Each structure stands twice: as structure tokens, then as C-alpha cells.
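Colleague: Please take a close look at one part of this model, the strands and how they pair. I would like the pairing described together with whatever packs against it.

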Amino acid sequence: MAAAAAEKQGPAAGGPRGAAEADADGMGLTDLPGELLELILCCDVLGAADIGRVSCTCRRLREACQPRGKVWRERFRLRWPSLLKYYSHTDSVSWLEEYKARHNAGLEARRIVASFSKRFFSEHVPCDGFSDIETLGCPSHFFEDELMCILNMEGRKGLTWKYYAKKILYFLRQQNILKNLKEYLQRPTDQQSFLEGAVLIDQYCNPLSDICLKSVQAQVDDITDKVRKVLRTKNPRHPSLASKAGEVLIPEVELQRQVLDAMNCVLYEQLKYKGNELDYYNSLNSYIHQVLIRRTGIPISLSVLYLTIARQLGVKLEPVNFPSHFLLRWCQGKEGSTDIFDYTYIDAFGKGKQLTVKECEYLIGHHVTEEFYGVVTSKEVLQRMVGNLLNLGKRESTDQSYQLLRDSLDLYLAMYPDNVQHLMLQARLYFHLGIWPEKVLDILQHIQALDPSQHGAVGYLVQHTLEHIERRKEEVGPEVKHRSDEKHKEVCFSIGLIMKHKRYGYNCVIYGWDPACMMGHEWIRNMNVHSLPHGPHQPFYNVLVEDGSCRYAAQENLEYNSEPREIPHPDIGRYFSEFTGIYYLANTELEIRYPEDLELTRATVQKIYSSGKE
């Protein structure tokens, strides 16, 4: 109101200069043209609070800062630029309300992230741990945007926040992708794009990557344009060069052949696409966005790309679920023929080579029946893609392979929710990992209803799962280990120190310790602990290793790392809040369990690394 008063009194009044006060030439801020006034108010040095205060000074400035106007839109854009893609230029949007909603979503996101460490430090986030997020009272893309802001925080601080923000974002995006997959599967078959299906699988297994159908399609379109250029040099009047090519299939076999020849020229000669024979069992070969980046893949992923380009150029190719080697077929006879000899078979993995029926058998080394030459649906193509990922997940026993196995099982059961074999595999996986026991019981109940003959395996898992739940109920808070206790006097190292393994040479960080080996007799025997000079009767340390593994190392095998550096482990934020450049700071939950370690860690760092510099 001071600005309004100053406007009434004029410059001669001698009062404080307000927002609407006239300048030396007699013109006030409110006398400026509307566009210039908006330009000033859109200046990035002004914050939302400044705009709020300005809009309260007088009617002219209130009108300039109207909720649906340019000023609040610019405030929103400056603060959250990535969110503008959710709005159309034709939308009538109250930017002030959107700003408030996004701000409140940010506060809610940070509240939930902050609560996760305390709630779930001692266990994996349970299946009902995300219930707060599923009932959000704000748009999910606002919530996701705040999570991305947390993940993109600069520096080496906020590691625990980033750890749980990543888990929540992973969950949110996967839930949304599963919903999109189910909607995709409900469409008529002719509306199920093979490329879109491949992108959905890619997105689900890589939910934190920036993968979208639009960008993948744009890359495929770029390859298609290159094929047209080659085709134009061979046949300037080819129908695939028309603006609406792809909407109508080309009936003449010779014209189709010209398209396929041009495709082979572009894909395999110009762009150097090839089957990944050297690293065939790498999961990246199954992800369509990686196939486009790395220009290599396995038969099925390269076939999806090849088929998509061909159809955009008016050539109908069909997927063939050939054993051990996915193929495409190209009709040379009457369309829809059931005679397998009326087709030429294309090996996209083998540089687009065209094969006869006999050559297909040579490719895999044995005879197959006619049914394997038949065309399959988009759902069956996705089933095989997911099956490949399932098999990759089973190959190793690492955190990464377990995650791949979990993701691929989710996808498979989204397509075939009553498949007993995969339901049992999912239950056993969760049981093995010691996570989500309540969900294990739900899965087992579903299996029993579908197939009562499974009662033996189901009964065994039910019994042990219930025992696990009972043990968890008996747990009475965290065990606190004080270094000052007499029984801990032999423990030399402390939480957060960067260490090196003397024998295996790996770098690691300590996140727990025991005064003696606490593993069972079988583990001690398998790891040959008794061959150590001090055997199991010495301190052992829980360490996060740079290769992503978690290990249990004897004190005599560890030494201070002469060149401490960050440990790129996915669980680092579960235990630590910050990397100082030399050691890690335990987060609140870990510090509760080892309350006296921080002091020793700092003293050790001062002694070891400061003396080294001197």
C-alpha cells in the first residue's frame, strides 16, 4: 500500500520510493506500456515472493501479474523448465495455481524421501512402503520432477536423499509403464506397434533413463530417410519415395526387393549395424534405445528395427519365432499363404541375409517342423524379448542380475498373470532375497488356487515365509556397537574409511564391523577362513566394493587406501550421507548403530592422510 500512497502524493511528498512511484521525468512504473511492464516483471532476478508482493501494490500491477498471465508463466518456466512439455499453448492455465501445486508437491516429496531412511534402513522397502506415494494428492509429474531435482543435486552431499529418491522414482515410473503396457496389450492387434512394445520393455527395465517412443521413432525415421536417399539413386520413381509411403503396401515383389536392398546398404554398409556375436549375452542388446546407440543387438531386437523400417517404406515383413534365432519372413507368393516355401526368410542379425527354408535349418543346425516358420503376434514377440531378459537374469547371482530378473518377471506376469511357473519363480526369488514376505504369501495363495498340485512346493515356502515374518516381529531395534566396550578393543578400523583389500586389490568402504566372524560354519569353511593366520577370531568388516558387491572381509586382509576415492556402489546412500573427498560420513541411521566411530574415523584420516601430505 506504500506504493499506492506514494502514487497519490507524487514525488514532491518526499516519501519512500515505491514500485509505482514516478521517476525523475514524471513517469511511474505503472505508466509503462503493458509489454514493457511484463518484460520487467519477468526478469529472472525476481522471485515468486517478489511477484506476490508487487501484485498487492495496486490494480495495474495486480492485472499485470494475473494468475493466467505471462508473468506467472515465466516464473513457472524459470523454476521448473522441464515441466512446460506437459502444457499446450492453447491451454487456459492458471500459472499461479500450478506454481503453488508444484511447490507443495516438492515439499511433500521431500517429506516422504526424508522419512524413508528411518523407516526402511534395516530392510528393503516393503511392497506396501510406497503406499504414501500411491495416494498422492498432486500430479505425479510434479512429484517426479522434485525427485529429479534431488537426484541432480550437485556435489557429494545428500547421498541418502538421492538413494531413496532414486528408489521412489524407480517405483513410480515402473508403475506408470506397467499401466501403459497393459493398455497396449488391450488394443486390437493391428494397433500394436512392434517398436512401441520394444520401447515399453526398454523403459520398464531402465526407468531412470530418458527413453520415449517419440525420440526412438525419430531415430528410426532418420534411418528411413537415409534408405529413401539410396533408393532414389536406384529408382527415382519408386513408390516408397512418395510422401504417403508406408500407408499403402507395395504389391510388386521387385519393388519390395529394391527397398530391402537399400535397407541393407544403409543399415549394414553405411551405418555399420551388426549382430553382437562377441557380447551376445549383454542385456543392452535387448534394449531398443541401446541398439540404436551402439548399432548392435541380438536377432530379435535387430528384427524389430528392420521390420519397422520396412513397413514405413511399404514392405510388409512378418516376425517368425524361429528357435534359437529370431527371423522375419517376406512373402514371395500369394499374400497370406500357409506354404512355408512361399516365403523368403530374413536374418536381421546376419546383415539382412535372405534365406530359404533349408538355409534356416542350417542356421541353427537342425530340422524343425513347419509350425516354427509361422508368423507370431506382437504379444508373442514381447514374450520372447522378456524371456531373453529372464534368462540373462538367471545367469548370475549379483544385485544387478536379481534386479533384471525381478523386472522381467514383472513384465512377463503383466502379460500372463496366471502363469504358474513364473509366479513360482517370482515367489522363490523374493524368498531368496528375503524381501516382501507378505507378497510372497499372496503369490503362493494365487498359485495354490491356480494349480493345487503345487501344494508341496507352496507349503514349504509358506512355512518358511511365516517363520521369517515371526523372526522379524521379534527384532527389538538396532544393535548398538560402542568402540569403548572391552570386547571391541581389537577392532582397528571404523565406519566410513576407504580401504584396500591386500589380496584381491579391490577398493571399498566400511559400513559395519563385528569383533569376530559372525558367519556360519559353512560360510567359514567355503571361504577358507581357517587358512588365515588369525582365522575367524579377529574383527570382520562389512564393506561396499567398487564393483557393486557387498563383502565380509577379515581385518588382516584390509589396509588403508593410499589414494582414497569415491566408491561407485548402488547402496552407498543407504549408509552414508556425504563423501568428504577422503572418507564417508555415516548417515543418521548408521551413526545410531556405531555412535563412537565418527570420532575415530576423523582422527584416523588426520593421522594417515595429513602425515602423508607432510
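Modeller: In strand S10, Arg 551 is the bridge partner of Val 543. Strands here are DSSP runs of E with at least two residues, helices are runs of H or I with at least four, and both are numbered from the N terminus; two strands pair if DSSP finds at least two bridges between them. The model is predicted, so local features need pLDDT of at least 70 and side-chain atom pairs count only at pLDDT 80 or more, while totals for chains, interfaces and linings use all residues. Residues are numbered from 1 along each chain as its sequence is written, and side-chain values use heavy atoms, with hydrogens and water left out.

Strand S9 (residues 540-545) pairs with S10 (residues 550-554) in the antiparallel sense, over 5 bridges. The two form a hairpin with 4 residues between them, and Gly 548 in the turn has a positive phi of about 95°.

Elsewhere, an open sheet of 4 strands runs in the order S3-S4-S5-S6 with antiparallel pairing. Its edge strands, S3 (318-320) and S6 (353-355), each pair on one side only. The twist averages 40° from one strand to the next, with axes fitted as lines to C-alpha atoms, for helices over the stretch in contact, and angles taken from 0 to 180 degrees between N-to-C directions. Strand S5 (residues 343-347) pairs with S6 over 3 antiparallel bridges, and Gln 354 in S6 is the bridge partner of Ile 346.

Helix H12 (residues 253-270) packs on this sheet, touching S4 (327-331), S5 and S6, and its direction makes about 150° with that of S4; contact means heavy atoms within 4.5 Å. Helix H14 (residues 299-312) lies across S3, S4 and S5 and runs at about 30° to S4.
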